[in-house]
Every structure is written in C-alpha cells, then in structure tokens.
Amino acid sequence: MHKPPPLQCTSLNFRDFQFVQAMLFAIEEINNSTHLLPGISLGYKIYDACGSIARSVRVALALANGNEVLSAPTEAPCTRPAQVQAIMGETSSSPCMAIATVIGPFQIPLISHFATCACLSDKTKFPSFLRTIPSDYYQSRALAQLVKHFGWTWVGAIRTNDDYGNNGMATFTEVAQQLGICLEYSVPFFRTDPPDKIQKIIDIIKASTAKVIVAFLSHMDMDVLIHELSRHNLTGFQWVGSEGWISDSQIATMDKHHILDGAVGLAIPKAHVSGLREFILDVKPLNTSSNEMFIEFWETLFSCKFKQSKSSAGIQRECTGHEDVTGVQNSFTDMSLMPIFYNVYKGVYAVAHALHNVLKCNKTCNSTVQLDPFTILQHIKKAHFQTKEGDEVYFNENGDPAAKYEIINWQPTENGIVDFVTVGFHDASLPGDKQLILHNKSLIWAQNSEEVPLSVCSEECSPGTRKVLQKGKPVCCYDCLRCAEGEISNMTDSITCVRCHPEFWSNERRDSCVQKEAEFLSYEEIMGALLTAASLFGTCITAVVAFIFFRYRKTPIVRANNSELSFLLLFSLTLCFLCSLTFIGRPSEWSCMLRHTAFGITFVLCISCVLGKTIVVLMAFRATLPGSNVMKWFGPTQQKFSVLGFTLIQVIICILWLTISPPFPYKNFKDFKDKIILECALGSAVGFWAVLGYIGLLAMLCFILAFLARKLPDNFNEAKFITFSMLIFCAVWITFIPAYVSSPGKFSVAVEIFAILASSFGLLICIFIPKCYIILLKPEKNTKKNMMGKGAQK
C-alpha cells in the first residue's frame, strides 16, 4: 500500500499492525464467502496515522475526496471507482473525534474498534460514527460500581489528558459521588508531559492517604507512567484499571517492580476467532514487496534489512524473508488483545452486511445499484447479524454495541509472569443491582495480599454513633459522635440518630431502643408491702376496737360517748385504712376513679362523725345549764342527719368530678428519662383540690369546736382527745401538700398513702385507745358513779 512520504512515522507499532491483519483476515473471509456478497470483492486502503490527529484528518479528507490512488496491484482490477464506502479506525478517541467531525457532513461511516469516549455517542456532533467496543458511559459506571463493591470510598485518580481520559473520568467522578465515593485527587497525565509535571504527580501520590488509584489511561500512557512509578518504587497501592491497559500483556511485562500486581479492572470479554491467530502470524513480506509498511514491519520484527546498503552506519544482517515469526516472543506474537482484534473483525462484517443488503444480494448481487456512503451508513446502523462464533452484532441508536465487560485481576505466577484471571462480569443490559457479578474466586490484591485493602478517609461509624462531616473536607471525611441519651443509630455510618419512642430508651451502646421499665407502687416491692401491711394492721386494730366497744357497749364509758357515732366512726376508719390499698398496684381506669373518690368520701364520713361527737360534747354540757333545752335540737336523729348531710356534699363533689373530668391512668415520660411512671392523672385538678379542701374545712371546724370544749369536765369530756386527733390530722395533711407536689413518680403515691394512714391512726389512737385502756385495764373507773361523782365534785 502507499504511504505518503511527507508524513513518515518515527516508529512502527506492532499493535496497529495486528489490527490491520485482523481487518485483512475479515476481508479475505468475506471475499471467499459464497453467502455474503457473492461475486463481490472488497477492496481496501491502509494508512498509518502514527497516532497523529493532524495526519488522521489529512488522510480522512483525502479518502473523502477520492484523491488517493490504489498503490498496490491486485489480481483483478476493481470494476467500480475507488470511492471509499466506510473507514475502519481509529484506535484512540481524540483522532476519531477529529475524523468524525471532518467526514460527518459526507455521511461516510467511521467504525472504530477501540475508541470508547462517551462523547462519541452524540449523534448531533458525530452522525456517521459507530463502534464495536462499548462506550465509556458504561465503563465509567461499571468502574464506580466495582470500587463501591469493595468498600473503597477514598480513592485517587489518574487519567489520560485527552478526550478518552477526561470524559471517562468525568463520568466516573459523577457516578462515584452518587455512590458515596470521594476522590482525594484527580490528575491528568499524558505521555509527552515534561519531567517536572510528572514529578508533581508522583509527589501527589506519595503524599496521599488513599490506597486505591483508579487509572483511566490508554496503554501508551500507562507504558510511560509505569516506568516513572518504577523509578520511584511506588508500591503498595491498589490499582483499578480501564479497558485501555488492564489486559495489556506488554504493560505487565514492563512492570518489573510488580507495582501493578493485584490490579483489578474492566476488559473486553475474551474472544476466539478461528483462524485469526494463524493469519496474523502468517506474514510474507516478499509477496507484498511493494508495500513499504510490510517491509518496515519485517525489518523491525527481526532487526534486519532488505538490500542492506554499504552506507549504513551500523552492520545489520540481511533479511531473507523466510524468518520464522512463530519463534519470536514480543508484542506482535502476543494475542492478549484478541478481543480488540475481534472488534475489528466485527466492524468489517458490519460493512459487508450493509453492502449485502444495499446490493440486494441473494445468489448474486445487483452490481448496477449506485452506492453512496449515506445509504451504507443507514444499513450499518440497522445491521443485526451473528458472527461465525455465534456472537450477535448490532448497534443501538447511538451507534454503540451492547456493553459487556470482564472483571480482570492481575495475579502473578511463580515464574514472574502475570496471569490475567477473569473474576467476574459486568453486563449493563441487566437491572442495576444485578449488573456486577463476581465469581467465588480468590483475588490477589496489592503486594500479594489475600485481604481486600482498606481505602477510606475515615473509619466507618459503628452503630450508636452518627457521622459529622469534617469542615472543609469531602463527605467521606467525618468524625463519629456518640448518640445522645434517648437516641440510637442501629446501622453503620448513620447520618442521624433516631429518637426512641417515648416508651423506649437507648441502651448503653446507643444502638437499640429498649423497653423502659414501667414504675408504679406495687405490692411486690418493699415499700408497697410495708404500706399494705400498715393498712391491714390499721384495719385489724380498728376491728379489735370495734369488737371491744361492742363487747362493752352497755358500760358507762361507751354509752356516755355516743356509741352510735363511735361505731360509725370505727366503720369509716376501717374504710379509710382499706381505701389506701386502692393506691397500690398498676393504675387502671377503675382504680384511678376509685382511689380519690373513696378516699374523699370515707374521710368526710370519718370527720363528720368526729364533728358530730364534738358537737354532742358541747351540747351535752349546754344542756346541764338551768332552763337549757338544747339536746332536743341535737338528738340521735339530728346527729345522723348531720353526718349524712356533710357526707352527701362530698359525694356530690365527687360525682361532678367523675362526670366532668375523671382521673385516668397516665404514662409519665417526663420525670425520668429511663423509666415510665404509671400514675393516675387527676383529670380535673379543681375536682381533686375541692375534695381535699372540703375535708380540710371540716377538719378545721372540728378542731376549733374541740378546742373550745377542751376545758369541760374530764370524765364526760373527750374533746381534748378530739383536739389532739385533729391537730395530728391537720399537721399531716398540711405537710402532705408540699411533699406530694415535690415527690417524683411512685413516691408521690406513697406520700398520699402515708398521709391517709397517719391521719387514720391519729384518729384511732387519740379517740379510742384511751377508752380501751379504761375498759380493759381500769374497769373500776368504768362506772357511772365514778364518772358522775367527779363531775359533781367539779
């Protein structure tokens, strides 16, 4: 083939020559096929752009204008003009963008086998571009998912400073941020960078804390970078690679310091095309002696010269043309890029199938059909066929193939050769959570470690803590703060702590809510048992006193002190002792309503009886005065009605309280953080204090009357005992108010029970024990004569 002299390449790239061989293999298969394009032979022109964008554009323009002539003779002359119908190439994204921009208006199809930049999927800018390799739109996302899968949230990044690297890394960065991955640094690199710029990159890597480096590089840039990394012995980093270099055996051979050992990355799925390897290695330059490219390739491959001139500076052996290619071990004989060769193969076949449809081929093709690139382009876009290996080939609306990758792991072997082990797959056509599939194979990591390396800015926050971002740093850098009391976080890396339900409380580790202890005054605890015992003891004592009074009911001391009121008072005291039991136990609706109303009514009944006895004493001595007729106005019937009247008022107050706003069980979460206080809410505070106020009013009235009657004759006078009992009663209930208000939880209930028992015992002891003493121990004083005599003497 012809190569323009003004643009000679400085060196020959064996990789590019392999791509050419793959194209020739496909063309030869098609030309020999009786099913695809029968009777039609494909022609071709080969140009080496030498990695130069300017040369690529110049060649593309020449092809579009049809200026180039066929430089190599063919066995059969072409029957059609040498107008190009499609262009295969380029290898890199930036040259492809330049070429696609130039030939786009001509609608000439450009099919690349290795240009992956996602920007090339923009059909408004590159309408005639197609490719047989997946777009970096999918690769960048797959790399981010791979990094996230291994828990690496703090990574560094190096990218090729061209369209391939910059666009690919931009997409990776965007997706990584969505997945919670932060980049400590992202630096551009190009193989022609000056030494000072490369040194800055080395310094950044050395100073970084990230142990994982994502390298979105072409194989040419990685060739240069690995040399610089080796010079500075930058080992210990976990590398994540793009398809541009991760499966390149030439880079693995150059990595003498094992810097890249354990690297993981995405590669085009392995492929096998029968006959392709043998075709690539079957090169006979003597058969194509007019092609300078083949001659240069042969001379470079075997370090020899054809027709060596005497003016050569160095002495090189002469090429015979019969050297054995299979005996050479270099990048040309390496078939690790077979998947890319397969992409070239599929691209040629896509053009052939489009031509087959345009020419309406069946057993023969219609050679009269006028071909034009636009028609070919439309048919290539619609192409859908199977290769001889059974793989489907088609293009989506952006001219991209299905995105499928292998996950490769660099595993060094004993003889120092790196083995590219497939450890998983990524299929972008599957649902998001099923795209990444890893096999149960053991991976080798950096420095031959079998444990997944850790690369985080901050250690994960354990349950019971929450993340607080560090000021001025990425979101992956944070501090872990312990949740406050009553709050929990039950998962790692929690952003917030959740407050527990009021019935629950956070445990010591702050990672779960535990049921708060429900606290109330129960019979099982010591305080509840003691108060219960005191209540029952008071009830028993009252019953004993009542039995004594009943047993000696006809004696003067019992009869002289209004026995009916005494028995009614003893009955009410029994109820007072028993009503304290309603305050003990778990509060319920009936117990809450019963405890305060029972207490209020029984105490009013009790005080009413005491008040009646006090009035009886006063009236009795008034009746001894000459001309006094008082007792007929306050006889037994009036006494009973007075007790009933005083009690009825309290009953009415209680009914109103229960009707308007009755007490109810209430869970108190405020007084204690780690406890639930089960108590009875008052419902209406006015009703509660009205009940207590009425009891206090009667008690004060009784106290005043008893105090006035304290100097009456002793034998008939129990007023001083009533005075002492009322003094105790008032003292107990006056001190009860501040004690009740200030006592927390169940202790407020205990204070109320204590006040009930204390006042009840005060009444029982002060009023009845002196009489029982006389009845049982001083019976000689329990006579009418003794009582009346002392009264007459006074």
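Two rings of Phe, Tyr or Trp (taking its six-membered ring) are a pair here if their centres lie within 6.5 Å. In this predicted model, such ring pairs tie F25, F279, Y342, Y345 and Y349 together into a cluster.

The count of aromatic pairs comes to 20. Here are two of them, with their geometry:

| Pair | Centre to centre | Angle between planes | Type |
|---|---|---|---|
| F150 and W445 | 4.9 Å | 80° | edge-to-face |
| W245 and W410 | 5.8 Å | 70° | edge-to-face |

The F150 and W445 pair links distant parts of the chain, 295 residues apart. F150 sits in the loop between helix 4 and strand 4, and W445 in the loop between strand 13 and strand 14. F150 has a relative accessibility of 14%, so it counts as buried, and W445 is buried too, at 3%.

Now for D163, which is in helix 5 (residues 163-178). Is D163 buried or partly exposed? Its relative accessibility is 25%, so D163 counts as partly exposed. Leaving out residues up to four places away in sequence, D163 touches S94, M97, C117 and G168. With S94 there's a side-chain polar contact of 2.8 Å. M97 is 66 residues away along the chain, yet its C-alpha atom is 8.6 Å from that of D163.

Finally, the surface: L648, I652, L656 and I660 make a nonpolar patch of about 410 Å². I652 lies in helix 17 (residues 636-660) and is partly exposed, with a relative accessible area of 45%.

Notes
Residues are numbered from 1 along each chain as its sequence is written. Side-chain values use heavy atoms; hydrogens and water are left out. Helices (H or I, at least four residues) and strands (E, at least two) are DSSP runs, numbered from the N terminus. Buried means under 20% relative accessible area, exposed over 50%, partly exposed in between (1.4 Å probe, protein chains only). Contact means heavy atoms within 4.5 Å. A polar contact is a pair of N or O atoms within 3.5 Å; within protein, one must be able to donate a hydrogen and the other to accept it, and residues adjacent in sequence count only if both atoms are side-chain atoms. Patches are made of residues with over 30% relative accessible area and no salt bridge: like charges are joined within 9 Å, nonpolar side chains (Val, Leu, Ile, Met, Phe, Trp, Tyr) within 5 Å. Accessible areas come from the Shrake-Rupley method with a 1.4 Å probe; for residues, only the protein chains shown count as cover. A salt bridge is a side-chain nitrogen of Lys or Arg within 4 Å of a carboxyl oxygen of Asp or Glu. Rings of Phe, Tyr and Trp (its six-membered ring) pair if their centres lie within 6.5 Å; planes under 30 degrees apart count as stacked, over 60 as edge-to-face and the rest as tilted.
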